[in-house]
Amino acid sequence: MSEARRDRLLTLLHAGSTLPMPERLCRVCAEAIGVDGAGLSLMTDQLHRETIGASDDVAARIEELQLTLGEGPCIDAFTTGQPVLAPDLDERIAVTRWPGFTPGAVEAGARAVFGFPLGLGAARVGALDLYRGAPGELAEDEITDALLLAELATADILGAPTIPLEDPATDWGAEDLRGRHAIVHQATGMLMIQLDVTIEEAFVRLRAYAFANDRRLPDVAADVVARRLRIE
Amino acid sequence: MTADRERRVIEAFVALSDTLLDDFDVLDFLHMLVLRCVDLLDAATAGLMLADGRGALQVMASSAERTRLLELFELQNDEGPCLESYRDGRQVASDDLEQDLDRWPTFAPEALAAGFRAVNSFPLRLRRQVIGALNLFRTNASGLDDADVELAQALADIATIGLLQERALTASVEHSSQLRTALDSRVLLEQAKGVVGEAAGVEMDEAFALLRGYARRNNRRLTDVASDVVRRRLTIRHLLPAGQRD
C-alpha cells in the first residue's frame, strides 16, 4: 500500500517535465494532494532563506510573505521540525500566531496553509508549504502524501549539487535516506565531527562519496562507522 | 502470577503512565518500555520497530544499542518474525530457531550467531492498521506462556498509544505526522550517537549510554539532548560525567 503510494508520486514527478525539480515538485503537490498550490523554500539556521519553487502566484506570494516577515506555517515547520497545519486562516489562532502573515495570505487568495519541514533528524534544510483557497483540513492520506513529497524534496536538496538529480536516469527515492539503516545516520554524525562541518553538509558529503564510488549508502556508512573508511 | 511479578507489572504500568506527561519524549518512553519487556518477560533483548511512509521497518527502540543488534532488527525488513507480524498483523513465534532455518534462511542463522535461540513478535495495532512490531529475543529454546503472551501484546498496545502522544501542533490528531515525528526523533538520536561516538572515541552503544546518562542526570528529554549535541550546543565535555573529563 505504501509502496504503491510512493510509486504513484514518483511517476508524477518523473512525467516528462522540463521544469527544475522544485517547480515540478510544487506542481505535483497541487495535482496529487488536492490542494491549490505549493511553495518550497530553503532555510538554514543562519537565517539564509530562499524560495526555490512555487506552483503559482499565490504560492509565490505565500512564500514571499513568510520569508520577508519571518513568520508563518512554513517558518514554524522549519523551526520546530514538525508539520504546522492551519486549516482556516480566518480563525483567531492564525491571526494571533501570525499577525503579519495571515492577512497577507488571505488577501493573496489562501484560506488554508499547511507547512511541512524538510529535514532528516537534526539536519534541517527548509519547508514545503501547501495552500488552499477554501478552508478545510488535510485528510490523513493527503498528509501522508505531503510527508512523502517533503522527503523526496529533502533527498534532492541534500544531494545537490554533487549528485545530478536532473539526470533522467536517476531514480528519486530509490535510495533509502531515512529509516532502514541506523548506520547511515550514525556515519553522518561521525563525519560531522571528522570534517568539522554542519550535519547537513556531512550528509551531502556522505552521499557524494557513495555516488562518486558507485556504492550503496548503507555500505559506505558501515565502513565509516567501523572506521575502515575515512572520508576527506 | 506470583506476587512479585504482579508487583513488577504494576510498577511497569505506573512508570509507563508517568511518562504521558508534559515533558513526554517518545524516545525515552519507548526505551523504557523495551527495558520493561526484558524485565517482565524474561527476554534477553527487546526491540520495537515502526514502519515509515514507505512501509520499511525502522528501529525505534532497543534494550541494547549494539550496532550488530540493531542490524539484526533491521535485517527483518527482508525476512523474519517482525516483518510477518507487521505485514500480517498477527503474533509470530519461534520457540527454537534451530528448527526454523528453512522458515527464515537469512534471519535465523544471523539470530543464532548472535546468541538468540527463540523469538516472539507482536504487532503494533492502530485501529485497522498495523504500524510496526515488538520483537523479543531469548537465549534459550522456549516458548512464552499464555500470560506472557497477553502481557507482551498489552505492552505492544501501550507502545502504540505512546507513539500517538507525540505532541501535535494542532488540536486534531494526525497519525501520519505523529508517527513521522517519532521516526525522525530516532534519526536524530542515531545522528547524535555518531557525533558522540566520534568525539568520545567510543562504540555506538556507549555513545547511547552517554547521551541517556546526561539526559537523566539533568532531567532532560533524550530527544532534546540529542538535538543539542548535533547542533553543537552540547559538547562531549558536557556529556561525560564529572571525573571522566580529560
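Colleague: What makes strand 1 and strand 2 of chain B a hairpin?

Modeller: The two strands of chain B have 5 residues between them, and G55(B) in the turn has a positive phi of about 85 degrees. This is a predicted model, in which local features need pLDDT of at least 70, side-chain atom pairs count only at pLDDT 80 or more, and totals for chains, interfaces and linings use all residues. Residues are numbered from 1 along each chain as its sequence is written, chains are lettered from A and ligands numbered from 1 in the order written, and side-chain values use heavy atoms, with hydrogens and water left out.

Colleague: How do you know that strand 1 and strand 2 of chain B pair?

Modeller: Strands here are DSSP runs of E with at least two residues, and helices are runs of H or I with at least four, numbered from the N terminus. Two strands pair if DSSP finds at least two bridges between them. Strand 1 and strand 2 (residues 57-62) of chain B have 5, in the antiparallel sense, so they pass the criterion. One bridge sets G47(B) against S62(B).

Colleague: Why is strand 1 of chain B called mostly covered?

Modeller: Buried means a relative accessible area under 20%, exposed over 50%, and partly exposed in between (1.4 Å probe, protein chains only). In strand 1 (residues 45-51) of chain B, 7 of its 7 residues are buried. T45(B), G47(B), M49(B) and A51(B) point one way, while A46(B), L48(B) and L50(B) point the other way. In a regular strand the side chains alternate between the two faces of the sheet.

Colleague: How do you know whether L65(A) is buried or exposed?

Modeller: L65(A), in helix 3 (residues 57-69) of chain A, has a relative accessible area of 8%, so it is buried. Contact means heavy atoms within 4.5 Å. Leaving aside neighbours within four places in sequence, L65(A) contacts G70(A), F101(A), G104(A) and A105(A). The C-alpha atoms of L65(A) and A105(A) are 7.5 Å apart, although the residues are 40 apart in sequence.

Colleague: What makes strand 2 and strand 3 of chain A edge strands?

Modeller: The open sheet of chain A has 5 strands in the order 2-1-5-4-3, with antiparallel pairing. Strand 2 (49-54) and strand 3 (84-86) each pair on one side only. Strand 3 of chain A is joined to strand 4 (residues 112-120) by 3 bridges, and A86(A) stands opposite V113(A).

Colleague: What describes the packing of helix 8 and helix 9 of chain B?

Modeller: Axes are lines fitted to C-alpha atoms, for helices over the stretch in contact, and angles run from 0 to 180 degrees between N-to-C directions. Helix 8 (residues 204-217) and helix 9 (residues 222-230) of chain B pack at about 115 degrees, with axes 9 Å apart. By class, their contact has 7 nonpolar, no polar and 1 charged residues. Ala, Val, Leu, Ile, Met, Phe, Trp, Tyr, Cys and Pro count as nonpolar, Asp, Glu, Lys and Arg as charged, and the others, Gly among them, as polar.
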